[in-house]
Each structure stands twice: as structure tokens, then as C-alpha cells.
Amino acid sequence: MNNVHRMRRTAGRVGLYTAALAVLAFAVFPVYWVLATALRPTGEIFTREPTLLPRTITFEHFERVLSGVLIPGTSFWSFLTNSLIVTLGAVIVAALLSLLAAVGVARYRFRLRSVFIVLLLVIQMVPVEALIISLFVNFFHLGRTLDMELVNNLAGVFVVYVAVSLPITILMVRNFVNAVPKDLEEAAAIDGAGSWTIFWRILMPLVAPGLAAASIFAFITCWNEFVVAFTFLQNNTGAYTLPISLQYYFGAVSIEWGSIMAASTLLTVPVMIFFLIVQRRMVSGLTMGAVKG
Amino acid sequence: MTQTLERATTPDDPQGPRPRIRSKLVPRRRALAPYLLILPALTALAVVLLWPIVQMVWMSLHDYGLRQLQGQEAEWNGFAHYTAVLTDARFWEIFRNTIVVCLAMVVVTMVLGTLVGILLNKLPTWASTILGLGLMLAWATPVISAAIVYRWLFDTRYGLFNSIMAALPDWLVGSGWEEFNWFNSPSTLFPILIVTVVWQSFPFVAISVLAGLKSIPNELYEAARMDGAGAWKSFWNVTFPMLRPLFALLLVLQVIWDFRIFTQLFILAGGVTNREVALLPVYIYQLGFASTPPNYGMGSAIAVIMTVLVLAITAYYLRVMIRQGETR
């Protein structure tokens, strides 16, 4: 009797670990394959009998990506610079705007408050993919009115990224402002601290982690964004961001898989790092309190 | 203005508590303060997201192409775009494919994600940490990199999958894998698209479900076991009812996210020019940008249809959010 019970338990455990290994392999293998392709010589890539482990490790693909010319007049560094400018710029502006809005929503009761929050929740769901035509037309006309080029230019992409980041960052930062007890601020006010002091000395230190998490969130979204950048920048190779430069490799007669995988790795590394930093908030940020994690 | 104030001091009040004499001014300034605080964000949202929604509806009701983009007056054409779209067999085919592919992605993601969430909960800490990190790798991979690696894994000539299939004995997997092209027809491309999307989305579901499971008190399971419930029964009688709000939310998010799939299909199909393998977002793009001449009006009509569908699902999401008190 006891023996049967133990056998059953062992069988259950074996099943559990087998399942865990299978899931782990499914999740990790494609990531491994990117690296394994990026690090092996071209001869080992273009073969009908690929090996699981690279026989020789080489950095030739990374060197080619970093120093080669994919499109005349550009380089990996210009794509990287464009990506950094447009992403960091949008994140900083979005963080600033969302901090203001979050304080407004969390600390005041005003008539349009719920309307504003509902608007954020709804607009966060409207797919940019559906809006892409009118976004393009809108920015084309706006650029004409303002006498500057918003399409074919990083400026337009930057503005779109700010707006796209706003709903989720405002909602996230708002939760952090809400969590700061008002008594703290009131106590400081009684001690004679001005609003500015209260804001910088009391609110900011407590909200800063939330603001950082929300910013990283926005960073990942903008860093990976494809459809807006592709639509707006298609004809201006000098303004290409990293994700759309990757797409360019497929235009070649024979696809250089080694280089693509190297470039793809370089695109992925910053996201992975940031992801590990905010992983705990990833879930609660996206499900907004449905899970108290 | 009838706003009520909760606090004595407001962050935008530079001098702190004000002297009595100026107290008359204070209520007005305070009433304005929240509006001033949300104004910059609201302006950005209005220009970039709200106005284009209006414009999308407007364009869908007009003849709108390259000439109109350049400034020519657009002509009102009633609901001609909509009647054209709704009577177009191709639209309905793409519409059906979008629904089928989206549902397949959502169902597989939810089931797999839930199972893996339960698995994570059962594993000892060291094992669930390792598996969690592995899941994080898939989740954190940029969408475009994910699409690219799946295209490489299933590459016609040198892809790993075809090589393995070709190496396996023919009596087991059939022959002809050496040059098998996965990306030409919907029946082979969509399954790969589904795998690509599921690969990236199930970790989020799994980790959310894990967090949910941890919040369920153990006594409930013990009570269920006392009543003689097995794993299957205790899932449906304890776990599912307890996590119903979470499942509802995850379901809505997955549907909305999977409905708008663009980048993965763009990479797998090698651009937007392949007319055979479109889903709604790609179809909008084809009409708007990849056809000669571009038909912004027609593209907008389909975009309106898509947005209405998304908003209908969002209405449910809103209900969940309002119940949770997110709008309070």
C-alpha cells in the first residue's frame, strides 16, 4: 500500500520535471538559436546538416554588423543613435507628462476625472495598426501646416511614441501617487514646507520607483515598435531605427542569417536587461491590480 | 466649477499655505490645478490618437487617395466604401481568417499559460525560478526578433526544422522536406504565425496565473481534498472561481493583442505585398500603402470596422476595470 503510494508520487514528480523541461526547452530554444546562429561561421549556417552546438565560435557576424554598411550612407551606429534618440526622448517626455497627469488624477477630485481615466483605459486599447493610415495623413498635413517634415522624419515618430506611452505610464504612476499617504504631505505642510519642497522631498522619492518602472515599460514598447517607424521612415534610410533596419536584411537576394541574428541579438540585449529589472512589475502593470503580486 | 478638494496643500502651490488676505483667489486656482496638470498629456493624446480616430471615420466616408493627401478637396461618397467592403468576398475571407487565427492564438496561449502557471506553482522554488527565467527570455524578446528567428527556424532551404524532418526516416514524417516552403500559403504560414505569437504570449499568462494561484488560501484546496476532489475537480471548483476576474482580464488582453498582429506576419510573409496571406491589420496596410494608387478611404473603412470590434471588446475590459475600482 505504502509502496504504491510512493511509486505514484515518484511518477508524479518525474512527470512534473519532464513537463518543466519541455516548457523550458520550448521557451529558451529560439533564443538560443539566435545566439548559436550569430556565433557560428557562415559555412556552418548554410548547411543542410546543422549542428546543435556551433563547432567554431566566431564574432565575424557581429563585426560585420557593427562596421559594415547595410544601406549606403548608414551604419549600425546611425540606427542605434536614431533608436536611442527617439526612444529616450519619448520616454523622458512621457515620464514628465505622466507625472503631472498622475498627480492631477490622484490628488484632486474634479469633474472630468473619471472621464479622463476611462479615456486612458480605452485609448490604450485602440490599435495603432488600425490608426496607421490616418496617423500618416494627419502627420503629413500637420507637418505642412507647421512647415516642417513630420513624416519621413524622426520628429513624427517621436511624437507618436510619447502619446502611445502615456496611457499606461499615467495609470501606473497614478497607483504610486495614490499609495503615498496624504498625512505625510500634510505633516510637512504643517511644518512649513512649501508645495515645491513637498513635491521634491516627499512625493518624488516615494513615486520615483514607480516612475522608473513605468519609464522602462515605455522604453521597451518604443524600442521594439515597428509599424509606425516603418510607415513614417520608409523613404528616409538615414532615419531608420534598429527594428526597421532589421527588416531591411530581407530585401537582399540571399539573406545573411548570421548578420541578422547578430543584429537581432544587439537589439534584444537592452530589452532583456530592462526586463529583468522590472519583471515583478510587468505582471501587475499589465493586469492593473487583478493580481496583487 | 464644483470640484471638492481633498487636501490643504497642493503640489503646484509654490508658497505653501497662503496668507488669509488672498484666500479668495485660492479656490479658483485650485479648481484649475488638476486641469493644468492633465492638459499636456491630454493635448498629446488628442493630437496623436483622438484626432486620427475622427479623421479615420471622416476618410472612410470620402474618396481619399494621393491627390486628396496633396490637398485636393475630398469628395463625400456616402457609405460606398462600406458597401464595397462588406460585399467583397476577399474581405470576408480575410475577416474569417483573422477571427480563426486570433481565436487559435488566444485559446492555445490561455490553456498553455494556465497549465504552465499551475506547473510553476507545483515546482520547488529552485526549479520554478529557473523555469521563470526561461519564460522571461521568450517574453522579453522583441517582437521583430521573435518573428525573425521563427522565419529562420522554418527557412525553406537551411532552416533547422526542415533539416530535422529531412533527416528523420521517410516512413515516419514523409518526404520532400528539403525544400518545403512554409511561407507561401495561408495553411502553412498561419500555424507558424500562431506558434510565434503563442511563444511570446504564454509566459505572461503563466506568470500572471502563478501570482493569482499564490493568492488563493491553501485551506480551500484542503477542504476540496477532504471532499474527495481530484486535481481536475479542485481546479474547476476552487482555482477557476477564485481567479475568474484574472482569467477574464487575461482573455480580453490576449484577444485585443492578438487581433492586431502585424509585425510578425510582416516578417514571416516577407512584407505586405503577399496578397494571399493577409490578416485585417495587414490588409488595411495593403490598401492604404501597398496598392497603386493608395486607397486611404477604403483602408480607413476597414480600419473603422476593426476599431469598432476592438472597442466592443474593450467595453468588457472597462467593465472589469470599473469593478476593480481602477477608475475611482
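User: Why is Asp147(A) called exposed?

Analyst: Asp147(A) has 6 other C-beta atoms within 10 Å. A residue is exposed if 12 or fewer other C-beta atoms, placed from the backbone, lie within 10 Å of its own, buried if 20 or more do, and partly exposed in between. With 6, Asp147(A) is therefore exposed. This is a predicted model, in which local features need pLDDT of at least 70 and side-chain atom pairs count only at 80 or more, while totals for chains, interfaces and linings use all residues. Residues are numbered from 1 along each chain as its sequence is written, and chains are lettered from A and ligands numbered from 1 in the order in which they are written.

User: Where does Asp147(A) lie, and what is its phi?

Analyst: Asp147(A) is in the loop between α6 (128-146) and α7 (154-179) of chain A. Helices are DSSP runs of H or I with at least four residues, strands are E runs of at least two, and both are numbered from the N terminus. The phi of Asp147(A) is positive, about 60°, although the residue is not a glycine.

User: What makes Asn152(A) partly exposed?

Analyst: Asn152(A) has 18 C-beta neighbours inside 10 Å, so it falls in the partly exposed class. Asn152(A) also belongs to the loop between α6 and α7 of chain A. Its phi is positive too, about 70°, and Asn152(A) is not a glycine either.

User: Why does Met242(B) count as partly exposed?

Analyst: Its C-beta neighbours inside 10 Å number 16, which puts Met242(B) in the partly exposed class. Met242(B) is part of helix α11 (residues 231-259) of chain B. Its C-alpha atom is separated by 15 Å from that of Glu222(B), 20 residues apart along the chain.

User: Why are α6(A) and α14(B) called oblique?

Analyst: Their axes cross at roughly 135° and come within 7 Å. Axes are lines fitted to C-alpha atoms, for helices over the stretch in contact, and angles run from 0 to 180 degrees between N-to-C directions. Under 35 degrees counts as roughly parallel, over 145 as roughly antiparallel, 65 to 115 as roughly perpendicular, and the rest as oblique. The pair α6(A) and α14(B) is therefore oblique.

User: Which residues make that contact, and how do they divide by class?

Analyst: On α6(A) they are Ala130(A), Leu131(A), Ile133(A), Ser134(A) and Val137(A), and on α14(B) Tyr296(B), Gly299(B), Ser300(B), Ala303(B), Met306(B) and Thr307(B). Contact requires C-beta atoms, placed from the backbone, within 7 Å. By class there are seven nonpolar, four polar and no charged residues. Nonpolar covers Ala, Val, Leu, Ile, Met, Phe, Trp, Tyr, Cys and Pro, charged covers Asp, Glu, Lys and Arg, and the others, Gly among them, are polar.

User: How many residues of each chain are in contact with the other chain?

Analyst: In chain A 94 residues touch 94 residues of chain B. The chain A side has 65 nonpolar, 19 polar and ten charged residues.

User: What is the omega of the peptide bond joining Thr292(B) and Pro293(B)?

Analyst: Omega is about -10°, and the bond is cis. Pro293(B) is in the loop between α13 (280-288) and α14 (296-323) of chain B.

User: What is the mean pLDDT of chain B?

Analyst: The mean pLDDT, where pLDDT is the predictor's confidence in each residue from 0 to 100, is 88 for chain B, and 91% of its residues reach 70 or more. Residues 1-26 of chain B are below 50. Where pLDDT is low, the predicted coordinates should not be read in detail. For the complex, the predictor gives an ipTM of 0.90 and a pTM of 0.89.

Definitions and conventions. Two residues are in contact if their C-beta atoms, placed from the backbone, lie within 7 Å.
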